[in-house]
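Here is a short briefing to read alongside the model. Have a look at the structure first, then follow the topics below.

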Amino acid sequence: MTSEVINIKDLPKVDPVFGQASFNDHEQIVFCNDKETGLKAIIGIHNTVLGPALGGTRMWQYANEWEALNDVLRLSRGMTYKSAVAGLNLGGGKAVIIGDAKTQKTPELMKRFGEFVHSLSGKYITAEDIGMETSDMDLVRDVTPYVTGISESRGGAGNPSPITAYGVFVGMKAAAKFKYGSDALEDKKVIVQGIGHVGESLVEHLTNEGAQVIITDINQERLDFVSKKYGAQIYTGDNLYALDADIYAPCALGATINDNTINLLNVDIIAGAANNQLANGIKHGQILQEKGIVYAPDFVINAGGIINVYAEIENYGKTEIMRQTENIYNTTLNILNTATTNNTTPHEASILIAQEKIDARKKENKQ
Ligand code: NAD
């Protein structure tokens, strides 16, 4: 066997893990590899002060491992804040599997991933994210109890996406109340970017409310289907970000509000389901504030999914799930008002609320 000699000068300038810009005092990062199934995964455990780190698994064809690591670090940190703001006794974690979910996901790979989750003895609990279905979580359940989002027939709370969409919808209404003085979305022009599991359900709520919905997706079949079903207009222009509309709802991937797009935006409100919508939370949050665009923080309004899966752990039913999801309206309005009072951004105000809860629990635990 020959071993390759690595020249220190060839190593990247930043330290690979703890030196990553997205590293934020994460407690544990687990790299999982299995040659037989082709599994390459990273589990990020950001913080477990409030409870076990719960967060979904994303399967995605990343351009490189840096991108995958960066994603899991950002997503797991977001989960800490999301659960804390929603008032759940959960910490923040997330996993990414590197690969194409359409061609590389096999039952063997999912079970092997489940074994890695099991090896963490409940410190990390998984669920669905992009590239995952309830049936995949059922496969994980075959090898570990540390999984949520399993089928209802196996004791799970079922597909979280409609609940997530409902939370986004009420969060959007709260943002409208803040901006316009009324939460009615009738006749508002709303761009829904990404009409997958959550996006489609959001389109349904918006259509029922009488909003004028414009949809966009990279999947033409989905566009045709959703457009026909709800009468939504398909976006055909060449720069969605410059479109004159009232509300922009990012429901595909994160970081769509970035240096290239932020100055084009021509909307009053941003409220959507995608995680990590702001490429840089602090910088882009401030620019939005200066432009007078109300930003409903993603991790506040997309908490319906985590509320739904938490029900599996706490054994509460649909009524309680809906009550907590509906409360996203009050939480969002409160955060938008607090941000104004404290002359800060909604993103920073939300993180502060989460951090205060974590610090208080840490103090209690020490006593
Ligand atoms: P999904 O995979 O079902 O849907 C995503 C959709 O976005 C797909 O239709 C895809 O074709 C489309 N898309 C991908 N890239 C795009 C692009 N560049 N432009 C336009 N469309 C694009 O995922 P989902 O479950 O609906 O989740 C959507 C977002 O919400 C994700 O960011 C996810 O992390 C987040 N989220 C989901 C939940 C949930 O309960 N499912 C909970 C919280 C957050």
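Helices (H or I, at least four residues) and strands (E, at least two) are DSSP runs, numbered from the N terminus. This is a predicted model, in which local features need pLDDT of at least 70 and side-chain atom pairs count only at pLDDT 80 or more, while totals for chains, interfaces and linings use all residues. Residues are numbered from 1 along each chain as its sequence is written, and side-chain values use heavy atoms, with hydrogens and water left out.

**Domains and their interface**

- The domain assignment of the protein chain gives domain 1 (25-74 + 91-159) and domain 2 (162-303 + 330-354); such bounds come from an automatic or database assignment.
- The C-alpha centres of domain 1 and domain 2 lie 27 Å apart, and the contact (heavy atoms within 4.5 Å) takes eight residues from domain 1 and nine residues from domain 2.
- About 650 Å² is buried between domain 1 and domain 2, with carbon and sulfur atoms giving 43% of that area. Buried area here is the accessible area (1.4 Å probe) that two parts lose on being put together, summed over both.
- On the domain 1 side, Trp60, Arg74 and Asn159 lose the most area to domain 2, together 64% of what that side buries.
- Three residue pairs are in polar contact between domain 1 and domain 2 (both at pLDDT 80 or more). A polar contact is a pair of N or O atoms within 3.5 Å; within protein, one must be able to donate a hydrogen and the other to accept it, and residues adjacent in sequence count only if both atoms are side-chain atoms.

**Nonpolar cores**

- A nonpolar core is a set of buried Ala, Val, Leu, Ile, Met, Phe, Trp, Tyr and Cys residues joined through side-chain atoms within 4.5 Å. Buried means under 20% relative accessible area, exposed over 50%, and partly exposed in between (1.4 Å probe, protein chains only).
- The largest nonpolar core has 64 residues, of which Met172, Val192, Leu202, Val203, Leu206 and Ile215 touch the most other members. Helix H4 (residues 161-180) gives the most to this core, with 10 residues.
- Leaving aside residues up to four places away in sequence, Met172 touches Leu185, Val190, Leu202, Leu206, Ile247, Ala249 and Ala271.
- A second, separate core of 22 residues includes Ile45, Ile97, Phe113 and Met132.

**The loop between H3 and H4**

- Serine 151 lies in the loop between helix H3 (134-141) and H4, and is buried at a relative accessible area of 16%.
- The side chain of serine 151 makes a polar contact with the side chain of aspartate 138 (2.2 Å).
- Arginine 154 forms a salt bridge with aspartate 142, with the closest N and O atoms 3.1 Å apart. Both residues lie in the loop between H3 and H4, so the pair ties together parts that are 12 residues apart in sequence.

**Other salt bridges**

- A search of the whole structure finds 15 salt bridges.
- Glutamate 115 and arginine 112 meet through their side chains in a salt bridge (2.8 Å, N to O). Because they are three residues apart in helix H2 (residues 107-118), about one helical turn separates them.
- Glutamate 115 is partly exposed at 38% relative accessibility, and arginine 112 is partly exposed at 25%.
- Arg58, Asp71, Lys94 and Asp129 are linked in a network of salt bridges.

Conventions. Salt bridge = Lys/Arg side-chain N within 4 Å of Asp/Glu carboxyl O.
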